[in-house]
Amino acid sequence: MTHLTIRNADHILTMNDRREELRGADIHLSDGQITAIGHDLPVQGEVVEATGCVVTPGLVNTHHHLYQSLTRAVPGGQDALLFGWLQTLYPIWSRFDPEAFFVSAQVGLAELALSGCSLSSDHLYLFPNGGRLDDTIAAAAEIGMRFHPTRGAMSIGESDGGLPPDHLVEREADILEDCIRVIDAHHDSSDGSMCRVGVAPCSPFSVSRELMRDAAVLARDKGVMLHTHLAENDEDIAYSLEKFGCRPGQYAEDLGWTGPDVWHAHCVKLDGEEIDLFARSRTGVAHCPCSNCRLGSGIAPLRPMRDAGVKVGLGVDGSASNDSGNLMAEARQAMLLQRVARGADAMSAREALEIATRGGAEVLGRNDCGQLAVGKRADIALWDVRGVESAGSWDPAALLLAGPQKVRHLFVEGRQIVRDYQIASLDLPRVLERQRALALQLAE
């Protein structure tokens, strides 16, 4: 058995059912699980000193497009709304190949890990030039991240009234066939799974109603989760009303896209009835505040969703619409936007951090992650609060008010994947050099 002791943490934010906080305490890890939390535990195995650190569960990212790590700050899309931004980037993304998908995933996942993220989803919905979801799965395995990739798809091109160019869409029969292939090859539903696969048609404006319905049937037959974009901005609402004669919430419900096995990205424009629908059905939401700001989509009704009982996690979204993949920064932005919209008491630093940890795990159906408790998986972040970011703080555990945005140590399944601010299993300078070369090729 593999044992490890995290010793003498200044503050442990457990996010357990009682939301306990411990000072000067220890954590035992054994074979990927947390086996004990308390004071003066006997040392077992390797020792990691946590003096000067706040310890939290690993953060959980519920929405990303990792491939976009190669297309940050593209000039034509810097100041565009969602639809115009997509039309600028589609031609560039059509030049991606398997290496581009693999390297962009390495970069994106490394950035997430350095921000304390131990579990990330990914929504890959275009597959030009032989690219496959397997490319990103391989990148996650190399780094050691817990991963929830989703097999996305686009099937309605411009000639049929959709947004993407025709050469980036796929035949719907081929999409469903590849979903089955990827699930059979990579999905692991067991506790402690390092890879679970989801089914994720891209959006109502890029796939047919038939594919949405068939995808839901397939996912439930296979026992996997469903994911898509929904109600992202005013254009999205207008499209739904014009093409489907209903709001996005009704569209989702009609096609089987509500329930505890479904989570939707953004949901900036949900109205009160849709929020109630999601709460009743236990449908999850991936809240992406930085991307919503960058694209001018608006401020999602996070406070009303939480108050109604909707499951909400955080997502950094793609780096082409966020420009960053820092989940700690995303949590702070979520907190600040709710305060801007609803007052300084609308969301506390601890609640926003809970959304970034336990909340995200609940959205992804991972009751084995997202909290520090005996029997849960050993996904643990150590934040050193002795630096300049926390200097003068009277409450170092209020990390989102005055704390670091880069993790000192990160454990996933009990294995250390960030050690002293560095990715342990990856030659990151070499990866970044390859990333720069690929970016130059795409810009030609």
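Visitor: Which element gives the largest share of the lining of the largest cavity?

Guide: This is a predicted model, in which local features need pLDDT of at least 70 and side-chain atom pairs count only at pLDDT 80 or more, while totals for chains, interfaces and linings use all residues. Residues are numbered from 1 along each chain as its sequence is written, and side-chain values use heavy atoms, with hydrogens and water left out. On a 1 Å grid over the protein atoms alone, a cavity is a set of points where a 1.4 Å probe fits but cannot get out, and lining residues have an atom within 4 Å of a point. Helices (H or I, at least four residues) and strands (E, at least two) are DSSP runs numbered from the N terminus, and the largest share of this lining, 3 residues, comes from α1.

Visitor: Which residues lie closest to the centre of the largest cavity?

Guide: The structure holds 1 cavity of 30 Å³ or more, with about 120 Å³ of space in the largest cavity; a volume is the space filled by probe spheres set on grid points, which are joined across faces, edges and corners. The lining divides into 7 nonpolar, 7 polar and 2 charged residues, where Ala, Val, Leu, Ile, Met, Phe, Trp, Tyr, Cys and Pro count as nonpolar, Asp, Glu, Lys and Arg as charged, and the others, Gly among them, as polar. Of the 16 lining residues, the closest to the centre are Leu 82, Trp 85, Leu 86, His 229 and Glu 232.

Visitor: Which element gives the most to the lining of the largest pocket?

Guide: A pocket is an open set of points with protein on both sides within 12 Å along at least five of seven lines, and the largest pocket holds about 200 Å³ of space. Its lining has 13 residues, with Val 107, Ala 110, Glu 111, Leu 114 and Leu 428 nearest the centre. Two or more lining residues come from each of α2 (98-114) and α14 (428-443). With 4 residues, the element that gives the most is α2.

Visitor: How many disulfides are there?

Guide: A disulfide is counted as a pair of cysteine sulfur atoms within 2.5 Å. For Cys 288, the nearest cysteine sulfur, that of Cys 267, is 9.2 Å away. For Cys 369, the nearest cysteine sulfur belongs to Cys 117, 11 Å away. By this rule the number of disulfides is 0.

Visitor: Is Cys 288 buried or exposed?

Guide: Buried means under 20% relative accessible area, exposed over 50% and partly exposed in between, with a 1.4 Å probe and protein chains only. Because its relative accessibility is 0%, Cys 288 counts as buried.

Visitor: Which residue of β13 is the bridge partner of Gly 284?

Guide: Strands β12 (residues 284-287) and β13 pair in the parallel sense over 4 bridges, pairing being called when DSSP finds at least two bridges between two strands. In β13 (residues 311-314), Lys 311 and Gly 313 point one way, Val 312 and Leu 314 the other, and all are buried. The bridge partner of Gly 284 is Lys 311.

Visitor: What is the phi of Asp 31, in the turn between β2 and β3?

Guide: Strand β2 (residues 21-30) and strand β3 (residues 33-38) pair in the antiparallel sense over 5 bridges, and Asp 26 stands opposite Gly 38. The two strands form a hairpin with 2 residues between them, and the phi of Asp 31 is positive, at about 50 degrees.
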